[in-house]
Amino acid sequence: MAYIGQGLNRFSNVEKLDVITPATATGAGPYNLTKASVAFVPSSADTMVVSINGVVQYGNFTVNGSTITFSAALADADVCDFIYHIGTGFITTPADGTVTPATFSTSGIAAGNVVKVNDAGNAWELGNASSAEVYGFSKNSDGQLIITTTNQGTDSISSATFATFDDTLFSASGFTFSISNGNLIATI
């Protein structure tokens, strides 16, 4: 069976940058970060791996825009073996320093807003958060479906009523239910 899901190219986004030329005169830096001789701005210092004299450097430098500064001075005899930028690729939790004010505009933000995908599916935008909702499903004595809700959080469901439910659904508010050909249809 074919693999269904993210392509392997989405699991890693490693970019090899141009090596720097350490110099006693420059010392710890700053040194310009480039890729194919063009200024490169990494996500953060945490996404960089650098090798100096065959020793991998990680966490002992800072990044500011497209420059890198080491915690100790470099000398003319030092050699930069490689610089890799490990991009975010496929992540479930953003790495520290990867979400910045430039990532999302806070213009017009208000309580109850969420970040959502726009209707075109190609950008992020602010939207209104829906209330949490409990939907309880049971049948009356005639076998008809009864749906009980918390009415977007304004109503309570007692434990006695909850105990009568055949099934429950906890979700965002805004569902409407109908029956078609004997099937329960939930529409948002």
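Leaving aside its neighbours within four places in sequence, which residues is Ser51 in contact with (heavy atoms within 4.5 Å)? They are Val56, Gln57, Val79, Cys80, Asp81 and Phe82.

Before going on, a word on the basis: this is a predicted model, where local features need pLDDT of at least 70, side-chain atom pairs count only at pLDDT 80 or more, and totals for chains, interfaces and linings use all residues. Residues are numbered from 1 along each chain as its sequence is written, and side-chain values use heavy atoms, with hydrogens and water left out.

Ser51 lies in strand S5 (residues 48–52); strands are DSSP runs of E with at least two residues, numbered from the N terminus. The side chain of Ser51 also makes a polar contact with that of Asp81, at 2.7 Å (a pair of N or O atoms within 3.5 Å, one able to donate a hydrogen and the other to accept it; residues adjacent in sequence count only if both atoms are side-chain atoms).

The structure holds one salt bridge, meaning a side-chain nitrogen of Lys or Arg within 4 Å of a carboxyl oxygen of Asp or Glu. Here Glu15 and Lys35 meet at 2.8 Å, N to O. The pair links distant parts of the chain, with Glu15 in strand S1 (residues 14–17) and Lys35 in strand S3 (residues 34–35), 20 residues apart.

Relative accessible area sorts residues into buried (under 20%), exposed (over 50%) and partly exposed in between, using a 1.4 Å probe and protein chains only.

| Residue | Relative accessible area | Class |
|---|---|---|
| Ser51 | 3% | buried |
| Glu15 | 18% | buried |
| Lys35 | 34% | partly exposed |
| Ile109 | 52% | exposed |

Ile109 is found in the loop between strand S9 (80–86) and S10.

Conventions:
Helices (H or I, at least four residues) and strands (E, at least two) are DSSP runs, numbered from the N terminus. Contact means heavy atoms within 4.5 Å.
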